[in-house]
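Please examine the structure shown below together with its sequence. The report that follows treats selected side chains and their partners.

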Amino acid sequence: MAEPTGFKVNHEKLEQYVSALFQEAGMDEEQAAIIARHLVLANLRGIDSHGVSRVDIYTKRLDYGLERKKTAVRIVKETASSMLIDGDNGMGIVLASKGIEIAVEKAKGTGLAVVGIKNSGHCGMLADYTQYAARHQCLALATTNAPSNMAPWGGKQGFFGTNPFSYGVPAGEERDIIFDMATSVVARGKITLARKNKEQIPLGWAITKEGRPTTDPDEALDGLVLPVGGPKGYGLAFLVDVLSGLLTGAAFGPYIGSLYKDLDRNQRIGQFFFVMRADLFEPLEEFKRRIDQMIREIRQIPLAEGFEKIYMPGELEHEKAEERKMSGIPLTGSVLQELKAVGKRYGIDWPL
């Protein structure tokens, strides 16, 4: 998909506006701010499919009573190194933000920790959570399952979601390593954003409900996304559903409610966080020294034809964030109009 070329907005002002929208939707100031920061961060990193284009559907689900306006962490089961949280259909971003904080705090005390969340909503961009862990000197693995829109390898009926996973690794003098990917060729949100922007999608992203390749986002959203790497992506999607859904007691596969289509039922998504202190086996400074060494040696590898640089996981997104902090976040006309419409719904004028 092409870089948005529409109106550019200051990220801090955009965050304030989005926070005000969620407060008018019934959330308290603290939790509205958590969601606003997360969505704008996604846009800053260039993950526009998980950014403020989600404001409309998130607020609609709040209006319809499908997500709780006050998200609470209800502990179902806890040990010194683990916790299972029942989100009780709270906002996924708030639940996941609190979940990774708990996992990091437990890992600091015991060395490693596991936190599972059930009955959650869409939790946005997993990189936000693994980045938090890395900044607190921890390695982290995060997964979340998603509504069924991808067939198991060899099938022609959807069972798994895009089922993303992310990891974070703290570095020393170098930048922390943050990896985040869908187990499908592309996150479904990118197809949704393409439809909003009236853009075609590349061949290979999805197939129609009849099983034909398509560049039409409408046909793709009615059809299925494809697993990345064929059977390898299918195997990863399977594991994500086991960790996020089966292990936690959340819904899985076709039993998860659709964010956009099922406006009469809860999603019941699951999230899973595994966190360990970076000094679990080696002293922290030694671990960081070796990570830095690894990063620098990779950068020195001779470049293949057509490449100008070897990027570390998450480095492109970091560079994009730095650039957008300076120049503004580009919003397409359709996303801009949608944000203004949400504001009108709540009696808030577009301030930018």
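Is Phe 238 buried, partly exposed or exposed? With a relative accessible area of 44%, Phe 238 is partly exposed. In these terms, buried means under 20% relative accessible area, exposed means over 50%, and partly exposed lies in between (1.4 Å probe, protein chains only).

## Basis of the report

The model is predicted: local features need pLDDT of at least 70, side-chain atom pairs count only at pLDDT 80 or more, and totals for chains, interfaces and linings use all residues. Residues are numbered from 1 along each chain as its sequence is written, and side-chain values use heavy atoms, with hydrogens and water left out.

Helices (H or I, at least four residues) and strands (E, at least two) are DSSP runs, numbered from the N terminus.

## Aromatic pairs

A pair of aromatic rings is described by the distance of the centres and the angle of the planes. Rings of Phe, Tyr and Trp (its six-membered ring) pair if their centres lie within 6.5 Å; planes under 30 degrees apart count as stacked, over 60 as edge-to-face and the rest as tilted. Across the whole structure, 9 aromatic pairs are found. In one of these, the ring centres of Phe 160 and Phe 238 are 5.9 Å apart and the planes stand at 55°, so the pair is tilted. Phe 160 belongs to the loop between β5 (138-144) and β6 (165-169), while Phe 238 lies in helix α8 (residues 231-246), so the pair ties together parts that are 78 residues apart in sequence. Phe 160 is buried, at 5% relative accessibility.

Tyr 167 and Phe 179 form a stacked pair, with 5.0 Å from centre to centre and 20° between the planes. This pair links distant parts of the chain, since Tyr 167 is in strand β6 and Phe 179 in strand β7 (residues 177-181), 12 residues apart. Tyr 167 is partly exposed at 30% relative accessibility, and Phe 179 is partly exposed at 25%. Elsewhere, one aromatic cluster is formed by Phe 159, Phe 160, Tyr 234, Phe 238, Phe 252 and Tyr 255.

## Salt bridges

Side chains of opposite charge can pair when their charged atoms come close. A salt bridge is a side-chain nitrogen of Lys or Arg within 4 Å of a carboxyl oxygen of Asp or Glu. The whole structure contains 25 salt bridges. One of them joins Lys 70 and Asp 28, whose closest N and O atoms are 2.6 Å apart. This pair links distant parts of the chain: Lys 70 is in the loop between α3 and β2 (74-79), and Asp 28 is in the loop between α1 (11-24) and α2 (29-44), 42 residues apart. Asp 28 is partly exposed, at 26% relative accessibility.

Arg 37 and Asp 128 also meet in a salt bridge (2.6 Å, N to O). Arg 37 is in helix α2 and Asp 128 in helix α5 (residues 127-135), so the pair ties together parts that are 91 residues apart in sequence. Arg 37 is partly exposed at 34% relative accessibility, whereas Asp 128 is buried, with a relative accessible area of 6%.

## A buried threonine

Thr 59 is located in helix α3 (residues 55-63). Its relative accessible area is 0%, so Thr 59 is buried. Leaving aside neighbours within four places in sequence, Thr 59 is in contact (heavy atoms within 4.5 Å) with Phe 22, Ala 25, Val 342, Arg 345 and Tyr 346.
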